[in-house]
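Dear colleague,

Please find below the structure that I am handing over to you.

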Amino acid sequence: MKKIITIIMALALVAAVAIGLVACGNSFEDGEPVDIPALDVQEVRSYEGLTVPADFKIGMICLHDETSTYDANFINAVKAAVKALGMADNQLILKTGIDEKAVCYTTAVELVNQGCDVIFADSFGHEDYMIQAARDYRNVQFCHATGTKAHTTGLANYHNAFASIYEGRYLAGIAAGMKLNEMNKDKADGEKNYKMGYVGAYTYAEVISGYTSFYLGAKSVCPQVTMAVQFTGSWYDVAAEKEAAENLIKNEKCALISQHADSMGSPSACEAAGVPNVSYNGSTIEACPSTFIVSSRIDWTPYVKYIIAQTVEGKAIATDYTGSLKDGSVALTAVNGGVMAEGTIDAIVEARAKLAAGTLKVFDTSKFTVNGAALTTYLADVDDLGDYVGETEVVSGGAFEESKFRSAPYFDLAIDGITRLNAAY
Amino acid sequence: MNQAPKTREPLFHLVKRDVTKKWIPWAIRAGAVVAAFILLGLMSLISLGVNPFKVYKYMFEGAFGDSFRVMRLLRDLAILLLFALAVTPAFKMKFWNIGAEGQVLMGGFACMICMFYLGGKVNDVLLIFISLAASVLMGAIWAGIPALFKAKWNTNETLFTLMMNYVAIQIILYTIKIWAPGGTGTLTPSAYGNLPAIGGEHFWFSIIVALVMTAVMFVYLRYTKHGYEINVVGESENTARYIGINVRKVVIRTLLLSGLICGLTGFLLVAGIDHTVSSTTAGGRGFTAILVSWLAKFNPIAMIFTSLLVVFLSKGMDEVMTQVGVTNSFFSQVVTGITFLMIIGCEFFINYRVVFRHRKNDEAAPAAPIPEAAADTAAPAPTTEEVPIPSETTQANAAEEE
């Protein structure tokens, strides 16, 4: 009797797998990367005829090393830019593992002494030390990613940069929403699950803006979607991110996970649990072939090329530079062919064209509510003087104008449909 | 006697060294450092494919390449030295204070509290003195708590001081959340209560303080009654009690001194260097300091050199990694670890020497007992004794020699 049951069970399992494979409906295998057709990129300026002098040097200060996906993304970009502009390897000086304290200043000075003409730092907490160095060395350009203070310090040689990554997140959200639709298609009403989980680093505008745009992207194709967010209180904490993802999967019953934290903690927890994952900063398809869907990332190469070229030619670098889809700064990795829902690429391409043309806005105030009401006005803390009081009206023309008044995001509202499980500053 | 040939002599055995010549330990230590650097070069050659001499050149440049780097090296050396000076009196007393990390953090935290709440409200010079007093006091309290528990209830000071580190870290993380809501766990540097730059350099303050403290600690440990009491308590508590030393008093007093120096170090880090506080303000140096102090045999003057070795390795390897273009820290961590292991390991060979089996004798006349071994087993000389591979005893012996 037992034997017969075992055989029946085994057959049922085989049948289920077969049906599952057919249901996927596409011919791709798990872990097979499928490129999204490229957008026609127009870089911010032309680099034709630019020759970088042999004694020109760029310095780069990274918080962690290449084992962090966040820093690896910067390191790859600066290397690509240096190569693209025909510079030699020794024209780039990379400093990794530089903490967000006075050591950032001494490292910057060290780079100045080594002859760097432009110095780039990658972490939010580096900002005050970069400003200090910019004050002391006026003839060297200091560029800082994710910072907020360039427009208020009034230093001609200090610059901030970010990208409209919320647009990339929105597109990644579309892939997530479509996956949810596919997962729920054949389920009975009571078994449908449209809940996503999100592992965030800090309860901080950059993270909030990121997960909100991801959620809105998913919502644009899957109106029933809800999301729970758990914060870890660190940019890089493998154990905490893994634990948060596991909590979201097991206790919060989330059907899909995304994250804004820099370790492999969440993606690998998803792979272990077989839960689809939308990544950030770069593809995790090799480590997570059966769960990775897509990843949005900022490609810093256009910006690094820009600051090198401007410095070489003695032209001013923008105080606040916001990279976009159009200039190639906001990018999506290849999609995992075996895991994505059918039609994902077409949907992304369509929405991307609208975003690039400006006909679609991520934070369209008709698409979300705050405490049950539409958002009509909001004062954001754009000047970031340490008072944590908003002073700039950022809602206009039916949308929350993200990254318009400074490059770094300032969307920090709690919109309906998203639940914060905790807070971490 | 018939039994003797049957027992096989091991390939080598260890013999305790006679402590006669003073230069031998130092020659062994110098040899270990040289050997460590040769190994470091070989490892670079094998795993990075870089010429070892280039590696040494990069290391030297990274540490002493230009005047700025020299000043930075001296400052970092000074700070590490202060950490080491702080743990030393307690260690000499065999009170295993591994809480320097937390004591420094709390010192720096107290300084930040003053800068945060009083900055701009009181005169800046006054603020610096208030911060200094608060830092020193807080460091002393953080060290005093485990000392009090040790003296009163004989609690385990190693665990207690270790746990106090984590409490300090959490207090700081929690406070930053309150001070900087909506942030990323970093606190903007304070514009108030910063130590003045002496002669246009922000480095001199720490260096001068460290030099003065080194001299003071040297004199305190070697020439004062307190220093003597610490020694006696460290050697034997019973002896100390017998000659009328109040052990409890000495334990608490010494730990307060430890905490006081930690508080001062925290003050220098926050008011003089970082101008802000974070959970990584101490940066693990509270633990590195233990190594520095041990290697120097608790001698404050020797600690200048052991700190230099540690800081040189760190700055040097940073530069090697930068020059070679390696963007992860695995290699430099492994190399640094192995280098220290060799230097610490050499202490073993200062206390013991290896005697190899005389193979020729063994083969030529297997029946005849080897004279040396026979002498050892028959009547061990008072100065030498055979040891079955000691592990922890090495360190203890090293301490006793002092």
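The model is predicted, so to speak of local features a pLDDT of at least 70 is needed, side-chain atom pairs count only at pLDDT 80 or more, and totals for chains, interfaces and linings use all residues. Residues are numbered from 1 along each chain as its sequence is written, and chains are lettered from A and ligands numbered from 1 in the order in which they are written.The strands at this position are β4 (residues 118-121) and β5 (residues 141-145) of chain A, which run parallel and are joined by four bridges. Helices (H or I, at least four residues) and strands (E, at least two) are DSSP runs, numbered from the N terminus; two strands pair if DSSP finds at least two bridges between them. Ala121(A) has His144(A) in β5(A) as its bridge partner. From β4(A), the chain passes through α4(A) to β5(A) in a right-handed β-α-β crossover (with the strands pointing away from the viewer, the path from the first strand over the helix to the second runs clockwise).

Four bridges also join β4(A) to β2(A), and these strands run parallel. Here Gly59(A) stands opposite Ile119(A). Val118(A) and Phe120(A) point one way from β4(A), Ile119(A) and Ala121(A) point the other way, and all are buried (20 or more other C-beta atoms, placed from the backbone, lie within 10 Å of the residue's own).

These strands belong to an open sheet of six, in the order β3-β2-β4-β5-β6-β12 (chain A), with parallel pairing. Its edge strands, β3 (92-95) and β12 (320-323) of chain A, each pair on one side only. Neighbouring strands are turned by 20° against each other on average, direction ignored. Axes are lines fitted to C-alpha atoms, for helices over the stretch in contact, and angles run from 0 to 180 degrees between N-to-C directions.

Helix α4 (residues 127-136) of chain A lies across β4, β5 and β6 (158-163) of chain A and runs at about 170° to β5(A). Helix α10 (residues 301-313) of chain A lies across β2 (58-61), β4, β5, β6 and β12 of chain A, at about 155° to β4(A).

Finally, I turn to the interface. In all, 24 residues of chain B are in contact with 30 residues of chain A, contact being C-beta atoms, placed from the backbone, within 7 Å. On the side of chain B that touches chain A, the elements giving two or more residues are α3 (67-92) and α10 (247-274) of chain B. The largest share, three residues, comes from α3(B).

With kind regards

Conventions: Two residues are in contact if their C-beta atoms, placed from the backbone, lie within 7 Å. A residue is buried if 20 or more other C-beta atoms lie within 10 Å of its own, exposed if 12 or fewer, and partly exposed in between; C-beta atoms are placed from the backbone.
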